[in-house]
Amino acid sequence: MWRYAVTARARAAFLSTQAAARELSAAHPNHKLSENPRDSDSAQGEELPAPVGFGENVDSQPDNLAPGDGDAQEKCSEGVDVELRKGQEVYEIDLEQLESVLSLLQSSADGSLESNFDALNLTLHPEFVVKLVETPLVLGENLIRFIKWALKEKPEFRVTTHVLDALVRSTCSGLVRKRDVYFLWDFVKEIGEKENTLLNLEILNELISSFSKLGKGKAAFEVFNKFADFGCFPNADSYYFTIEALCRRSFFDWALSVCEKMLDAGVLPDGERVGRIISWFCKGEKAKDAHLVYSSMKVKMQDLPRSPVNLLISSLCREDETVNLALEILGDLSGEARKYGIKLFSAVVQGLCRIKDVDGAKKLLLEMTREGPHPGNAVFNLVINGYSKAGDMGEAIEMMKLMESRGLKPDVYTYTVIMSGYANGGLMEEACKILSQAKNKHPKLSPVTYHTIIRGFCKLEDFDEGLKLLGEMKHFGVQPNVDEYNKLIQSLCLKALDWRTAEKLLEEMKDNGLHLNGITRGLIRAVKELQEGEIEIAEA
């Protein structure tokens with residue numbers, strides 16, 4: 001293998017040779033020495049390269065530099081700055097040419113670069129190009145233009161994997177420029193289509209990562225889809241960076257296709273990165289697909305951060321078809337995650353009630369009372385409301401009693417939903433009993449409480465009881481609103497044809513500063529005109 005060596009001692013030796021020459025000249029003024037220490041006998045026949053700015057900064061040299069064998073060490077001590085060895089062959093980088101090329105590359109990009117390269121009469125070697133590429137502060141576009149010029153004009157030069165790798169790392173490190181990365185990808189693609197053995201996994205991953213940083217999802221996806229053409233197999237980084245780039249641009253369908261390949265290959269990134277993938281899919285309303293990723297991690301028994309798991313549970317609860325998947329994940333929670341997971345458990349209970357699996361919600365609630373997190377009023381009310389809507393009032397009352405047995409006090413909402421369940425079933429006597437309990441436990445009720453039971457009486461055409469409840473609302477700190485008046489007036493007009501009572505309620509509304517909508521006002525007038533017309537006909 002060819003490799004070049006750069007040492008600090010080479011530069012020091014060169015400087016010490018110059019100092020020795022000056023001392024000798026001072027001691028023997030008649031003895032003429034060449035101004036160039038290469039011409040002196042002290043150089044022992046070895047030619048020293050001229051000092052240039054590039055070779056003076058040892059720290060700027062790449063980490064993989066090696067001194068070579070013993071002969072190379074001896075040459076370095078005598079002043080050889082840079083050399084490349086292969087057996088007995090020696091390749092020396094011409095530092096003057098190197099600095100000339102660098103001077104051009106570090107200038108602004110224009111159309112004159114190639115013609116300037118021609119004027120330098122360069123003899124190129126891959127390691128010369130690598131040295132150029134690894135020099136900082138050179139535009140990636142200019143480097144690529146130089147290499148493309150070399151391939152066209154210098155038949156002795158051939159691109160190697162080492163050159164490509166150095167070019168990609170240089171262009172994609174630090175402050176990444178969009179123009180440079182796109183130019184680089186076009187060049188890499190061109191090389192790969194001619195000779196795909198030159199490309200490797202690291203080169204392609206670096207490109208995908210750079211496109212992801214730039215927010216260029218389509219370009220990253222194009223690189224990913226070229227893996228097979230270039231004889232490479234994606235690894236965990238390949239999948240992750242591609243999914244990241246696509247999700248940043250909300251290309252979730254493409255991201256899912258990459259994710260499916262990742263799961264089929266069984267190649268998963270670490271837990272932190274998988275957690276990010278789950279979060280991206282949840283935010284893109286792909287919670288069901290995020291659950292597949294979660295399940296794969298579970299099979300591999302890898303831990304995930306708590307935050308993406310919490311987001312996954314919440315997202316699954318929003319869709320009816322995935323609520324039970326959220327319920328499954330709750331079973332995986334333990335320790336601190338379960339202890340402080342009341343919001344997650346509440347979301348699942350709410351989801352189960354929404355899909356009318358109230359028995360499942362009750363089962364989860366009872367599990368919570370045994371193992372935690374301990375349910376509060378909100379969770380009990382969800383289940384009680386679910387049973388009340390289903391008309392299973394026995395279960396609703398049982399849950400309220402369990403609630404009380406755990407030291408929780410049923411609130412106004414609890415009584416209201418139970419009253420609603422009884423009223424919807426026409427069981428107004430039981431509804432009134434619950435109302436009485438609510439009055440005893442709470443000095444102030446809500447308008448919804450009265451609206452619920454007034455609506456029940458109107459449904460049964462028991463308007464007297466409805467009017468009675470309307471009158472007592474103020475005694476329990478509740479001001480009748482438009483809904484209560486509107487419901488009673490409509491029922492009086494449509495069912496009882498009692499426009500007189502309806503008009504009285506309308507006047508009462510005006511006194512309370514409430515406004516009745518025009519449709520209901522028109523209904524009162526219509527019923528009144530109808531009845532007065534019938535009376536006139538009868539009298540005639």
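**Figure 1. Helix α25 and its surroundings.** The expected span of a helix is 1.5 Å times one less than its number of residues, where helices (H or I, at least four residues) and strands (E, at least two) are DSSP runs numbered from the N terminus. Helix α25, residues 447-459, has 13 residues and reaches 18 Å from its first C-alpha to its last, close to the 18 Å expected at 1.5 Å a residue. The model shown here is predicted: local features need pLDDT of at least 70, side-chain atom pairs count only at pLDDT 80 or more, and totals for chains, interfaces and linings use all residues. Residues are numbered from 1 along each chain as its sequence is written, and side-chain values use heavy atoms, with hydrogens and water left out. A residue is called buried under 20% relative accessible area, exposed over 50%, and partly exposed in between (1.4 Å probe, protein chains only). The buried residues of α25 are Thr449, Tyr450, Thr452, Ile453, Ile454, Gly456, Phe457 and Cys458. These buried residues pack against α23 (412-424), α24 (428-441), α26 (463-472) and α27 (482-496), a contact being heavy atoms within 4.5 Å. Just after α25, Glu461 takes a positive phi of about 60°.

**Figure 2. Helix α19 and the helices that cover it.** Helix α19 covers residues 342-354; its 13 residues should span 18 Å at 1.5 Å a residue, and its end C-alpha atoms are 18 Å apart, which agrees. Its buried residues are Leu344, Phe345, Ser346, Ala347, Val348, Val349, Gly351, Leu352 and Cys353. The cover over these buried residues includes α16 (306-317), α17 (323-330), α18 (335-339), α20 (358-371) and α21 (377-390). After α19 comes Lys356, whose phi is positive, near 70°.

Figure 3. A pair of aromatic rings is described by the distance of the centres and the angle of the planes. Rings of Phe, Tyr and Trp (its six-membered ring) pair if their centres lie within 6.5 Å; planes under 30 degrees apart count as stacked, over 60 as edge-to-face and the rest as tilted. The whole structure holds 11 aromatic pairs. In one of them, Trp185 and Phe230 are arranged edge-to-face, at 6.4 Å centre to centre and with 70° between the planes. Trp185 lies in helix α9 (residues 178-194) and Phe230 in the loop between α11 (217-225) and α12 (236-248), so the pair ties together parts that are 45 residues apart in sequence. Both Trp185 and Phe230 are buried. Elsewhere, ring pairs link Phe117, Phe146 and Trp149 into a cluster.

**Figure 4. Lys226 in the loop between α11 and α12.** Lys226 is found in this loop. At 18% relative accessibility, Lys226 counts as buried. Leaving aside residues up to four places away in sequence, Lys226 touches Trp185, Lys189 and Glu193.

**Figure 5. Pro269 in the loop between α13 and α14.** Pro269 is found between α13 (252-265) and α14 (271-283). Its relative accessible area is 5%, and therefore Pro269 is buried. Beyond residues up to four places away in sequence, Pro269 touches Ala236, Tyr240, Met262, Val274 and Gln302. Pro269 and Ser238 are 31 residues apart in sequence, and their C-alpha atoms are 9.5 Å apart in space.

**Figure 6. Thr161 in helix α8.** Thr161 belongs to helix α8, residues 161-171. Thr161 counts as partly exposed because its relative accessibility is 28%. Not counting residues up to four places away in sequence, Thr161 touches Thr197, Leu198, Asn200 and Ile203. From C-alpha to C-alpha, Thr161 and Ile203 are 9.1 Å apart in space, while they are 42 residues apart in sequence.

**Figure 7. Two cysteines, Cys172 and Cys232.** Cys172 has a relative accessible area of 3% and is therefore buried. Cys232, at 9% relative accessibility, also counts as buried. The structure holds 0 disulfides, a disulfide being a pair of cysteine sulfur atoms within 2.5 Å.

**Figure 8. The chain as a whole.** The chain has 29 helices and 3 strands. Of its 540 residues, 46% count as buried. The average pLDDT, which is the predictor's confidence in each residue from 0 to 100, is 83 for the chain, and 82% of the residues score at least 70. Over residues 1-88, pLDDT stays under 50, and the model has 113 contacts beyond four places in sequence for them. Among contacts between residues at least 6 apart in sequence, 67% join residues at least 24 apart.
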